[in-house]
Amino acid sequence: ITTEEATFLIEPYVSKPYTYTIPKETKFVIVGEYGDYYKVRFSKTKTLWVEKTKVKVLPEGTPLPKTVIYGTTVSSEAVNNRTKIFFNVSDRPLFVVEESFSPAALELIFSNTILDTGWLTEFVDQKNIRCVRFSYPEENIIKLTAYLSDEEPWGYDVYYEDKGGVTRLVLEIKHRPKLNKIPNLPLEGLTVFIDPGHGGEEKGALGPTGLEEKEVNLDMSLA
């Protein structure tokens with residue numbers, strides 16, 4: 001990936017694709033192309049699509065990417081109301097993040113990756129994660145599941161950082177917002193983002209008077 005990040009799709013050329021955001025310099029295997037997109041192999045049973053303009057094709061004969069995870073730490077630091085999980089990696093592998101709700105968990109799934117350590121440093125004073133487990137759903141696929149203490153995930157960020165000559169993938173897990181203890185003002189001091197839905201060319205439903213759903217949504221969100 002040559003841009004700061006790229007959007008990978010489950011299917012190209014659909015109106016509302018399911019997407020994953022992948023950071024710069026991630027390496028992966030291209031197995032086909034269609035129009036403006038490359039087809040990418042994630043596993044034996046999963047492929048993704050990415051725009052050609054976001055990708056630099058390496059010279060023929062370049063070894064296929066194979067990443068080694070050789071150290072994992074669940075940090076006890078609660079910076080900006082988040083918990084961090086660090087992965088020491090030999091390269092920048094393709095990955096996806098999936099959210100689940102029963103139980104509440106985040107799954108970080110690595111493609112073309114092997115695990116070179118059974119050690120997982122986990123700080124017991126970290127209250128927001130119940131436990132972290134590795135599994136191997138397919139050959140060269142590593143899945144880390146972070147089971148959360150909250151009833152549902154509250155968001156996450158994923159990025160790479162280089163520290164002391166070591167490349168680390170960082171998964172930041174957001175905590176449940178802390179409500180204000182002032183009576184009748186539980187959201188005091190918090191920023192609430194409202195997504196009206198629809199907009200632009202996506203008009204939504206059309207009422208009997210010709211009123212578009214996107215206009216109603218926007219008015220309600222601004223009220």
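Predicted model: local features only at pLDDT ≥ 70, side-chain atom pairs only at ≥ 80, totals over all residues.
Let's start with accessibility: a residue is called buried under 20% relative accessible area, exposed over 50%, and partly exposed in between (1.4 Å probe, protein chains only). Residues are numbered from 1 along each chain as its sequence is written, and side-chain values use heavy atoms, with hydrogens and water left out.

Now for the rings. Rings of Phe, Tyr and Trp (its six-membered ring) pair if their centres lie within 6.5 Å; planes under 30 degrees apart are stacked, over 60 edge-to-face, and the rest tilted. The structure holds six such aromatic pairs. Take Tyr13 and Tyr34: their planes are at 90 degrees and their centres 5.6 Å apart, so this pair is edge-to-face. Tyr13 sits in the loop between β1 (5-9) and β2 (19-23), while Tyr34 is 21 residues away in strand β3 (residues 29-34); strands here are DSSP runs (E, at least two residues), numbered from the N terminus. Tyr34 has 51% relative accessibility, so it counts as exposed.

Tyr13 has another edge-to-face partner in Tyr37, at 5.1 Å centre to centre with 85 degrees between the planes. Because Tyr37 belongs to strand β4 (residues 37-41) and Tyr13 to the β1-β2 loop, this pair ties together parts 24 residues apart in sequence. Tyr37 is buried, with a relative accessible area of 14%. Put together, Tyr13, Tyr34 and Tyr37 form one aromatic cluster.

Conventions. Helix = DSSP H or I, 4+ residues; strand = E, 2+ residues; numbered from the N terminus.
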